[in-house]
Amino acid sequence: MKTASLAHTRCPAEKRGLWWFGKSMRSFRRLSSMGIAASLILTALLAACSSDSNKPAEPAKPEVKGPELLTARSAFQKLYVAARGWNQDARPYRIDSVVTSDGNGHDGKWAVWRGGFASPAARSAKGYTWSGSAADGTAMGREY
């Protein structure tokens, strides 16, 4: 029965008298892996550089948006979400549109809506305002 030997065995190239071939392949693998690493580092450095880095960035021009006009149903849904955050049993008792310079009520759409909600459990009422207007004097989402 043969047992495994811990002695160094020769590779097939060394057995055929091509001992130099095995050594050159190891050095070739070592050089090629170093070459790949060097090319990856060089590529990363070149990708990080830019010729436009000295130019200041142009400030972004803000888009001038018109007012957001909503119908009573859409406004109620937005106000109701806020009221439910205040109290889970909030019940609506009023919703009003507010006249502003941004909205004229065409098709029932206004830029500012107010809603009143009451909570039977808390025995209190709270009002909420939704505003899609940037006009002066409009409440931008404040409670009343």
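**Reading the sheet and its surroundings**

Guide: Three strands make up an open sheet, ordered β1-β2-β3, with antiparallel pairing. Its edge strands are β1 (91-98) and β3 (124-131), each of which pairs on one side only. From one strand to the next, the twist averages 20 degrees. Please bear in mind throughout that this is a predicted model.

Visitor: How many helices and strands does the secondary structure of the protein come to?

Guide: The protein has three helices and three strands. Read from the N terminus, the elements follow the order α-α-α-β-β-β.

Visitor: Over how many bridges do β1 and β2 pair?

Guide: To read a pairing, one looks for the bridges and then for the residues that stand opposite each other. Strand β2 (residues 112-119) pairs with β1 in the antiparallel sense over seven bridges. Arg91 is opposite Ala118 of β2, and Val98 has Val112 in β2 as its bridge partner.

Visitor: And over how many bridges do β2 and β3 pair?

Guide: That antiparallel pairing has eight bridges. Ala118 stands opposite Ala125 in β3. The two strands β2 and β3 form a hairpin, and four residues lie between them.

Visitor: Why is β2 described as largely enclosed by the rest of the structure?

Guide: Here one counts buried residues, a residue being buried when its relative accessible area is under 20%. Six of the eight residues of β2 are buried, and the strand is therefore largely enclosed by the rest of the structure. For the protein as a whole, 22% of the 144 residues count as buried.

Visitor: Which helix lies across the strands?

Guide: Helix α3 (residues 72-86) lies across β1, β2 and β3, and runs at about 40 degrees to β2.

Visitor: What share of the contacts with a separation of 6 or more comes from residues 24 or more positions apart?

Guide: Such residues account for 49% of those contacts in the protein. Lys126 and Gly115 are eleven residues apart along the chain, and their C-alpha atoms are separated by 8.6 Å. Lys126 belongs to strand β3 and is partly exposed, with a relative accessibility of 25%.

**Charged side chains**

Visitor: How many salt bridges does the count come to?

Guide: For a salt bridge, a side-chain nitrogen of Lys or Arg must be within 4 Å of a carboxyl oxygen of Asp or Glu. By this rule there is one salt bridge. It joins the side chains of Asp96 and Arg94, at 3.1 Å from N to O.

Visitor: Are Asp96 and Arg94 buried, partly exposed or exposed?

Guide: Asp96 is partly exposed, as its relative accessible area is 35%. Arg94 also counts as partly exposed, at 33% relative accessibility.

Visitor: What is the nearest side chain of opposite charge to Asp89, and how far away is it?

Guide: Asp89 sits in the loop between α3 and β1. This residue is buried and has no salt bridge; Arg91, the nearest side chain of opposite charge, is 6.1 Å away.

Visitor: With which side chain does the side chain of Asp89 make a polar contact?

Guide: The partner is the side chain of Ser119, at 2.7 Å. When neighbours within four places in sequence are left aside, Asp89 is in contact with Ala118, Ser119, Pro120 and Ala121.

**Backbone angles in the loops**

Visitor: What is phi of Arg123 near, and where does Arg123 lie?

Guide: Arg123 has a phi near 50 degrees, a positive value in a residue other than glycine. Arg123 is located in the loop between β2 and β3, in the turn of the hairpin that these strands form. With 77% relative accessibility, Arg123 counts as exposed.

How values were computed. Residues numbered from 1 in each chain as written. Predicted model: local features only at pLDDT ≥ 70, side-chain atom pairs only at ≥ 80, totals over all residues. Heavy atoms only, no water. Pairing = 2+ DSSP bridges. Axes fitted to C-alpha atoms, helices over the stretch in contact; angles between N-to-C directions. Contact = heavy atoms within 4.5 Å. Buried < 20%, exposed > 50% of the residue type's maximum accessible area, 1.4 Å probe, protein only. Lys, Arg positive; Asp, Glu negative; His and termini not counted. Polar contact = N/O pair within 3.5 Å; in protein donor to acceptor, adjacent residues only side chain to side chain.
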